[in-house]
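Let's take a walk through this protein, from its overall build down to a few individual residues. Keep the viewer open as you read.

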Amino acid sequence: MITACPSCKSIELEILVNMGHQPMSHYTKETEEKKELIIKRCKKCSMIFNSSPIIGDFEEEYKFLSSTSTLIKNEAKKQSKEIIEHYIKIEKKFPKVLIEIASNDGYLLEEIKIKSPNTRLVGVDPSKLAFKIANKKGINQFQGYFNMENLDRIKDICGDKPDIIVANNVITHVPNLIEFFKTLSIMIGDHTKTCIRFQSTEQLLKQCHHECFYHENYNFPLVVNIEEIANKNGMEVYDGKKIEYHGGSIELWLKRKKAESTIISKEYQNIRKESQNTINNIENITSTFKKKKEKSIKAIEMFLMKAQAKGQKVGGYAAPQKAVTVLNSIKSENNNIKWIGDISKDKQGTFIAGTSIRIISLDDLINKKMDIIVVFAWNLYDEIKECLVSRGIDNKKIYNIKDIESMEL
Ligand SMILES: [Zn+2]
C-alpha cells in the first residue's frame, strides 16, 4: 500500500475511486488472484495514483505489441516526422542520437530511421517478446527498465548524450516517478530535447475513463504535476500539445533547466490553464467522476442482461487491459460474454484475467455467429469496426463499449 503521494510525498490523501477486486490486467488466466484496486488523490498537489499496485513483470508477461494496431502505426508515422522537425527547428541540424524509452517492438524507431537515417537509435524496453521482435528488425535495443540501476549500461549503448529522448505512454507505468525523472535528468545534456506522451488525466477524469485504472498503471499525473516533478529534478517543460489519441493524450517537451529554449506555444499555455482549472475544480470533477463510473457499470450490466433475456449471444472484440478492468467490474452473474476476439496470437487461447472469458481469433469469433459484438478497445473503435464490417459482420451488431456505458438506464 502506498501511503504517500508519489510526487510531493504528502500523506494527506483521499480515495478517488475503489475499483473493487481486480487481477493484473496483462495476465491471462481465469484463476488470476485479485486484489483491491484503490485509486487515490493527493489533497496537496492533486496527483492521482494507484495506492495498491501489484508490481508487474513486464519482462516475461507483457504481450502487447504496438505494431498490431494500424492506428498506433499511423500515429508513429506522424510522430516520427514531428519529432525530427521539432529538433531541427531548434537545433538546425539532424539529431545524432535518439533514445526511445519503452520502445516496444520498435514501431516508432523504424519510422524515425526513415525520417532521419543517420541518427543512432537506441530502444529501451523490459519486455522479452518485444525485444526479440525489435532485434529481428535490426533495432538496437536494451532489454530492461529505464532506471538508475541500468543507467550506465544504457549510456554505454548510446555512446553519447542523446539529442532526443522519447517516452510514449511510460510515466503511467513507472513504479517510482521521481526516480524516473532523476534518471532522465542525469541522462540529458544541455541540448537534449525530451518528448513525453501520456494519457491526459484531465480528460480521463472529465470523460470518466475508469477502465484505464488497472494494477499496472501507477501514476495519473496532471500536466501541472509533471511540471513540478520536472522542476524538482532540474528540468522544465518548454512546449506541449494535446493529441487525439487514446481518448485524449498530452505531449510535453522537456529540457534541462536554464538550457536555451525558443518555444512556448500558445497551445501549451492553454494546456497549462486547463490543468490548473482541473485542480481548482477538483472536488466537483472527482464527485462527478464517481457517479458516472457507477452509472457506466450498471449500464453495461443492464445491456448484457437485456441481451440475455432476448437470447442474444454477446461476444467482444479486442482484449486490451481496459477490457480486463471493465469485465472484472461487472458482477459475474450479469456477464454472459464467453468469447472475445483479438488479433494478437499470443493472447489467443488465453483468458481475460480473472474471468472465464476466452480470447480467440477473429475467424473463430466470426464462426461463433454472435448477435452482438462489443468493442472494448474504444480508442481503436473506428479501425476495429471497419475491420469487422469488412469480414461480413453487420454494422448494427457492433457496439462501442463507451456508447453502452452512456445508455440510459
Ligand atoms: Zn502530492
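What follows covers the overall build, the nonpolar cores and one of the sheets.

## Overall build

Bear in mind that this is a predicted model.

Along the principal axes, the C-alpha atoms take up a box of roughly 65 × 50 × 35 Å. Of the 409 residues, 46% are buried. If you look at contacts with a separation of 6 or more, 70% of them join residues 24 or more positions apart.

## The nonpolar cores

The largest nonpolar core has 67 residues, and Ile101, Ile165, Val166, Ala167 and Ile171 have the most contacts inside it. Domain 1 (13-50) and domain 2 (66-283) both contribute residues, so this core lies between them.

Zoom in on Ile171: setting aside neighbours within four places in sequence, its contacts are Leu177, Phe180, Ile196, Phe198, Asn219 and Pro221. Apart from this core lies another one, of 38 residues, including Ile300, Leu327, Ile359 and Tyr399.

## A parallel sheet

Five strands make an open sheet, running β14-β13-β12-β15-β16 with parallel pairing. At the edges sit β14 (358-360) and β16 (398-400), each pairing on one side only. On average, neighbouring strands here are turned by 30 degrees against each other, direction ignored.

Further in, β12 (residues 314-317) pairs with β13 (residues 339-341) in the parallel sense over two bridges. Look for Tyr317, which stands opposite Gly341 in β13.

Terms used:
Residues are numbered from 1 along each chain as its sequence is written. This is a predicted model: local features need pLDDT of at least 70, side-chain atom pairs count only at pLDDT 80 or more; totals for chains, interfaces and linings use all residues. A nonpolar core is a set of buried Ala, Val, Leu, Ile, Met, Phe, Trp, Tyr and Cys residues joined through C-beta atoms within 7 Å. A residue is buried if 20 or more other C-beta atoms lie within 10 Å of its own, exposed if 12 or fewer, and partly exposed in between; C-beta atoms are placed from the backbone. Domain bounds come from an automatic or database domain assignment. Two residues are in contact if their C-beta atoms, placed from the backbone, lie within 7 Å. Two strands pair if DSSP finds at least two bridges between them. Helices (H or I, at least four residues) and strands (E, at least two) are DSSP runs, numbered from the N terminus. Axes are lines fitted to C-alpha atoms, for helices over the stretch in contact, and angles run from 0 to 180 degrees between N-to-C directions.
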